[in-house]
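Let's take a walk through this model together, with the sequence and the 3D view side by side. Please keep both open as you read.

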Amino acid sequence: MNKFATFFAAPLTAFFMPGVYRDASKKNTGRAILYLAYLAFLSAVLSMALISSVVTPKGDQLFQWIAQNVPPMVWTAEGLSMEKPDIQQPYVLKHPEYGDLAVFNMNQVNVTNANLGRAYIYVTSKKVFFRSSPGTLDSRSVIPEVRPGQQLPQKVRLTGELILKFYQNMKRAVTTIIPVILFIVFFFLYLFWNLLYSLIGLLLNLLRKNKLSYGAIFHLTCFATTTGLTLTWAKLFPPLRSIPWPVILAVLVNITYIFFALKITDRESTKA
């Protein structure tokens, strides 16, 4: 059987090609682990495609807007101050879509939940306040502790351009790190799922005339559960995004294909 059809194209051919399961029943567990790594790689690539097409453009637009609307400030060892003293305070950074993002008030000392309102942060001359949990405010000082021999800059301008540059640097770093993290997370997630599904495979194995070892069952399970996984990923992309796809349906599809995989390979063993 063609290796491309039974391994690399298995996320699609597992739906209709019995040869995928015949081939899987003859291989060792190491190939199953390699296949899960392959699925994790594909999932990481698809995740990055979704992030690049959906999340990144929204993030770019948000920080472009922030850069244009955030009031310029000046930081010194004494704290923050508005660069333009004629700005009316409190100054609310209100996004037309996301609502209140931040409140700036250099004259405020004690900040309450009422002061913060629906904003995410409240900036004063000495501290930045944020809601760490519902009803609970936390704060961080904008004045760092100076270690012996350490010299701080006399003045730093905090502008929208600086925030935008910081965002772009963070985006480049995240683009490098996130795919690796996603690959690791998906691999162990798929491994855990298939270990659970292989228990169902053990029960279905009792219906076979020619019993399989656990390693063969696990191998078949990894390929059979590809079907539910592929359908789940397909639903995340238009035009299938609007179609209801509950988790229980994916589970039923996977169990059906596990049964099919064990049945078709049992039939082949009986013929042999």
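The paragraphs below go through strands, aromatic rings, a surface patch and salt bridges.

A word on the ground rules: this is a predicted model, so local features need pLDDT of at least 70 and side-chain atom pairs count only at pLDDT 80 or more, while totals for chains, interfaces and linings use all residues. Residues are numbered from 1 along each chain as its sequence is written, and side-chain values use heavy atoms, with hydrogens and water left out.

Let's begin with the strands. Helices (H or I, at least four residues) and strands (E, at least two) are DSSP runs, numbered from the N terminus, and two strands pair if DSSP finds at least two bridges between them. An open sheet of 3 strands runs in the order S2-S1-S8, with antiparallel pairing. Strands S2 (79-82) and S8 (156-158) are at the edges with a single partner strand each, so one side of each has no neighbour in the sheet. From one strand to the next, the twist averages 30°, where axes are lines fitted to C-alpha atoms and angles run from 0 to 180 degrees between N-to-C directions. Strand S1 (residues 73-76) meets S8 in the antiparallel sense over 3 bridges, and valine 74 sits opposite arginine 157 in S8.

Further along, strands S6 (residues 127-133) and S7 (residues 136-141) pair in the antiparallel sense over 6 bridges. They form a hairpin with 2 residues between them, and glycine 135 in the turn has a positive phi of about 85°. Phenylalanine 130 has aspartate 138 in S7 as its bridge partner. Another backbone detail is the cis peptide bond from glutamine 89 to proline 90, with omega near 5°; proline 90 lies in the loop between S2 and strand S3 (91-95).

Now for the rings. Rings of Phe, Tyr and Trp (its six-membered ring) pair if their centres lie within 6.5 Å, with planes under 30 degrees apart called stacked, over 60 edge-to-face and the rest tilted. The whole structure holds 16 aromatic pairs. Phenylalanine 7 and tyrosine 35 form an edge-to-face pair, 5.5 Å centre to centre with 70° between the planes. This pair links helix H1 (residues 3-8) to helix H4 (residues 29-69), its members being 28 residues apart. Tyrosine 35 also stacks with phenylalanine 223, at 4.0 Å centre to centre and 10° between the planes, which links helix H4 with helix H7 across 188 residues. Ring pairs join Phe7, Phe8, Tyr35, Tyr38 and Phe223 into a cluster. Are tyrosine 35 and phenylalanine 223 buried or exposed? Tyrosine 35 is buried at a relative accessible area of 0%, and phenylalanine 223 is buried at 0% (buried means under 20%, exposed over 50%, partly exposed in between, with a 1.4 Å probe and protein chains only).

Finally, look at the salt bridges, each a side-chain nitrogen of Lys or Arg within 4 Å of a carboxyl oxygen of Asp or Glu. The structure has 6 of them. In one of these, aspartate 138 meets arginine 140, with the closest N and O atoms 3.2 Å apart. Arginine 208 and aspartate 266 form another, at 3.9 Å between the closest N and O atoms. Here the loop between H6 and H7 is linked to helix H9 (residues 247-271), the two residues being 58 residues apart. Arginine 208 is buried, with a relative accessible area of 4%, and aspartate 266 is buried too, at 7%.
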